[in-house]
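Q: Hey, I'm new to this one. Can you walk me through it piece by piece?

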Amino acid sequence: MTDVIEIRNLRYTYAGSEDLVLKGIDLAVRKGEIVGVMGPTGAGKTTLCLALSGLAPHSIGGKIEGEVVISGMKTTEHEYADVARKIGIVFQDPETQLFGMEVEEDVALRLVNMELPEKEIEERVKSALHMVRLDGFEKRFPYSLSGGEKQRVGIAGALAANPEILILDEPTSELDPIGKREVFDAIRALRELRETTIVVVEHNSDELARIADRILVMKEGKVVLEGEARDVFSRVGDLGVRIPDVVQLGNLLRTRDEWTEYDYPLTVEDASHILSTIIQKQKYASTTSEIGTPEIEREEPIIEVKDLWYVYGRGTEEQTTALRELNLEIYQGDLMALIGQNGSGKTTLAKHFNGLLKPTKGSVIVEGLDTKKIPATRLAEIVGYCFQNPDHQIFNTKVWDEIAFGPRNLFLTEKEIRDRVSESLQEVGLKGYENRNPFFLGKGERQKVAVASVLAMYPKVLVIDEPSTGMDWKDSISMMELVKKINQTGKTVIFITHDMNLVAKYARRVIVMAEGKVLLDGPTRSVFGQEETLRKAFIKPPEITQLSHMLRDYFKSTVLSPDEAYDGLLHLSPMN
Amino acid sequence: MSVYRLYVDKGTFIHRLHPIVKIVWLFTIVVLAWTFNRWEYAFVIFLWALLYAILSRVPLKKIFGTAFLFVIWTAILSIILWPAFLRGGNVVFEWNVFRFTDIGLSVGIAYGFRIGACMVAALGWLMTTSQRELIEGLADVRVPYQFSFGIMLALRYAPLLLGEIGRVREAQKSRAFNWNRGSVKRRIQAFAENTRVLVVPVFNRMLSSVNQIALCLDSKGCDFSKPPKRRKLRFNRFDKGFLAVTFCVTAFFLALRIMGYGWITMLA
């Protein structure tokens with residue numbers, strides 16, 4: 001098969017900088033191949049996408065050495081317009097990719113620029129929207145869509161142009177699990193139907209393991225590991241990449257004789273098949289022991305939501321009911337995940353806890369105070385809220401000033417402010433960063449500054465919206481460990497996320513929302529045990545949980561981690 | 001979910017008009033609005049502009065929400081300021097150094113309706129013309145593609161900017177920041193700080209967005225030096241009929257003006 005992408009000794013430096021971001025990349029990609037690119041933040045993945053698409057150096061300048069050849073065309077020797085005809089690219093941030101005032105207009109923009117006939121534009125737009133599950137959205141205003149929906153509009157825009165090569169830079173970071181699955185299915189279908197070559201940067205190893213023919217792991221501007229998914233995940237070690245659950249289980253089981261003759265599983269289906277074979281071969285009779293769910297001690301609720309309704313844009317054309325007749329109690333010390341489909345009302349609900357939104361109908365009572373009657377600035381002392389993007393709040397040039405901002409608004413004394421800032425810095429692990437400029441910190445550290453600035457107000461409840469979006473696995477774990485630590489100090493912590501692996505690992509209680517209502521509410525194990533109901537909320541439990549459900553003849557309880565699955569299997573005789 | 005959108009797809013015959021017809025209509029409204037300075041005539045032109053919005057079934061609330069304050073403020077300012085620059089007319093009443101004359105009142109109110117007519121017409125036009133038609137319409141009247149694309153980008157930036165401002169305000173409010181705390185004097189003193197709290201994060205976000213937007217535009221094949229081939233839009237009977245009515249109404253009002261109606265001569 002012919003190579004449609006050939007990269008030889010690619011070195012790249014951004015304009016105005018002397019640091020090499022790509023340090024000698026060599027890569028050949030065959031027609032119709034799906035290549036996954038992984039690696040920690042700052043590894044050069046996005047820069048590789050820009051160089052591949054020809055945007056570097058055509059659009060952003062900079063110094064490029066080596067060669068990037070796309071379908072026999074050397075990108076540096078041709079006009080960008082010629083290169084762009086062969087390539088579609090989707091970026092991480094959906095907000096900046098929208099230009100139309102209607103979804104169909106936005107998806108059609110590239111096709112209009114390609115000067116295609118009207119009829120063909122209409123057909124392609126329709127088909128692209130169908131592929132990303134946005135049928136019926138043609139006339140919607142793109143900016144009023146949820147983050148995930150916006151991202152799918154961006155993907156549809158690229159798909160509509162039928163490019164020879166499709167480059168996706170973290171295209172699903174804001175999508176719900178089933179939304180992610182559908183986008184990846186669409187990507188695979190695109191390859192099968194049109195033989196499109198696809199390069200996708202992604203932190204989601206489960207999905208990449210399922211669809212990628214080959215995975216590259218980058219670190220500090222170089223490709224440090226390359227090969228088939230099975231091979232890469234078995235050797236990835238400490239490169240800051242999350243290993244899929246079933247591969248982790250495989251790693252654990254390969255220490256035992258029964259497993260060594262089998263390949264590493266890559267998907268839940270693989271793992272289920274291999275495990276069933278082993279279990280039947282060994283004639284295991286028993287089932288795993290039941291895994292208990294610790295009782296959550298509950299006193300008086302700190303937040304009570306009663307018959308809550310919330311309507312956006314009341315009395316306007318765009319009126320949308322976001323919450324419907326919602327009832328909920330949140331207790332002191334809860335460590336709770338709020339999950340659900342994009343647009344299910346998670347953020348809308350969370351913004352009611354600190355009074356940023358006031359109920360259209362019903363009430364939200366926080367520590368006995370009706371949020372309708374208390375301003376958000378007063379509720380901020382009880383409920384702290386960290387936004388998804390720390391850049392929406394950072395405005396000081398010193399970390400110390402940024403964290404002192406909240407306490408100053410509470411009119412505390414200078415000594416109290418100093419003590420609180422110092423304590424918060426200590427808590428988030430940024431001691432010594434007092435005089436650093438937050439604008440120059442990495443995303444993970446900026447997020448911690450944002451958390452510290454809220455913690456310094458001594459709230460009893462902390463809400464964190466998407467704490468891991470846009471972060472690599474290592475940063476995500478670091479942030480969630482911080483969340484856990486904060487919860488251990490007695491604070492109630494509510495986090496909103498689409499990452500079910502983090503939910504399984506950290507949350508004690510899970511609330512699943514769908515269409516503005518609470519669909520499920522309970523301990524994590526019990527919620528993830530209800531796979532059918534979760535599907536209604538476009539939620540897919542972690543792979544290891546799905547595996548335990550597929551093998552429910554052997555697993556008595558829903559499993560939440562590879563370690564739990566391994567322990568369970570060890571209890572099956574004669575393996576034990 | 002604060003969003004800002006102008007185009008409202010109602011599928012009326014006004015929406016389906018050829019973009020050039022809508023531009024011509026808008027131009028005639030602007031001309032007529034500045035043809036009369038008697039409030040009664042200006043009011044009729046205002047109603048003529050409003051009729052377009054009513055026929056296109058766009059939400060009038062949205063139009064008045066934007067235009068109403070401008071109309072009122074322009075009228076008040078004009079009523080107060082005209083006597084300072086003009087002589088003539090009978091004094092209706094006096095207040096301190098201000099003298100309010102009948103001419104001043106008439107011209108002031110007329111100014112309100114003149115500005116109002118232009119605003120209602122412009123908003124009505126934007127609410128009934130999609131982005132693509134806007135660019136095509138402007139191209140038809142020989143406006144350079146770079147300029148019309150610039151307008152589209154400005155329209156595209158409005159929701160992004162407003163969305164960012166909304167999010168930053170909420171984020172700072174979550175840290176107990178209150179823009180309206182204290183007396184007016186205290187708020188004026190804290191103006192610089194209040195502005196910094198909002199402007200720095202918004203500016204930071206917008207700056208990082210600009211680079212990304214430029215990349216996205218390039219990746220979508222937007223070439224500003226060469227407009228894409230446009231659809232061939234044909235004039236249909238509705239277009240012709242609407243143009244005919246527009247020209248007749250315009251000619252009628254211009255004739256009135258030529259005959260000396262609708263204008264108060266003022267002495268500077």
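Q: In what sense do strand β11 and strand β12 of chain A pair, and over how many bridges?
A: They pair in the antiparallel sense, over eight bridges, with β11 covering residues 301-312 and β12 covering residues 320-331. Strands here are DSSP runs of E with at least two residues, helices are runs of H or I with at least four residues, and both are numbered from the N terminus. Two strands pair if DSSP finds at least two bridges between them.

Q: Before we go on, what kind of model is this?
A: This is a predicted model, where local features need pLDDT of at least 70 and side-chain atom pairs count only at pLDDT 80 or more, while totals for chains, interfaces and linings use all residues. Residues are numbered from 1 along each chain as its sequence is written, and chains are lettered from A and ligands numbered from 1 in the order in which they are written.

Q: What about β11(A) and β14 of chain A? How many bridges there?
A: Five bridges, again in the antiparallel sense, and β14 spans residues 361-366. A:Trp309 has A:Lys361 in β14(A) as its bridge partner.

Q: What's the strand order in the open sheet?
A: It's an open sheet of four strands in chain A, ordered β12-β11-β14-β15, with antiparallel pairing. β12 and β15 (369-370) of chain A are at the edges with a single partner strand each, so one side of each has no neighbour in the sheet.

Q: Which helix lies across β11, β12 and β14 of chain A?
A: That's helix α13 (residues 346-353) of chain A, running at about 55° to β12(A). Angles run from 0 to 180 degrees between N-to-C directions, and axes are lines fitted to C-alpha atoms, for helices over the stretch in contact.

Q: Switching to helix pairs: at what angle do α15 and α16 of chain A pack?
A: About 125°, with their axes 9 Å apart; α15 is residues 399-409 and α16 is residues 414-428. That makes α15(A) oblique to α16(A). On this scale, angles under 35 degrees are roughly parallel, over 145 roughly antiparallel, 65 to 115 roughly perpendicular and the rest oblique.

Q: Which residues make that contact of α15(A) and α16(A)?
A: Among them are A:Trp400 and A:Ile403 of α15(A), and A:Ile417 and A:Val421 of α16(A). Two residues are in contact if their C-beta atoms, placed from the backbone, lie within 7 Å. By class, the contact of α15(A) with α16(A) has seven nonpolar, one polar and three charged residues. Nonpolar covers Ala, Val, Leu, Ile, Met, Phe, Trp, Tyr, Cys and Pro, charged covers Asp, Glu, Lys and Arg, and the others, Gly among them, are polar.

Q: Now chain B. How many helices and strands?
A: Nine helices and two strands.

Q: How do α1(B) and α9(B) pack?
A: At an angle of about 10°, with axes 10 Å apart, and they are therefore roughly parallel to each other.

Q: Last one: how many residues does each chain give to the contact of chain A with chain B?
A: 53 from chain A and 46 from chain B. On the side of chain A that touches chain B, α4(A) gives the largest share, five residues.
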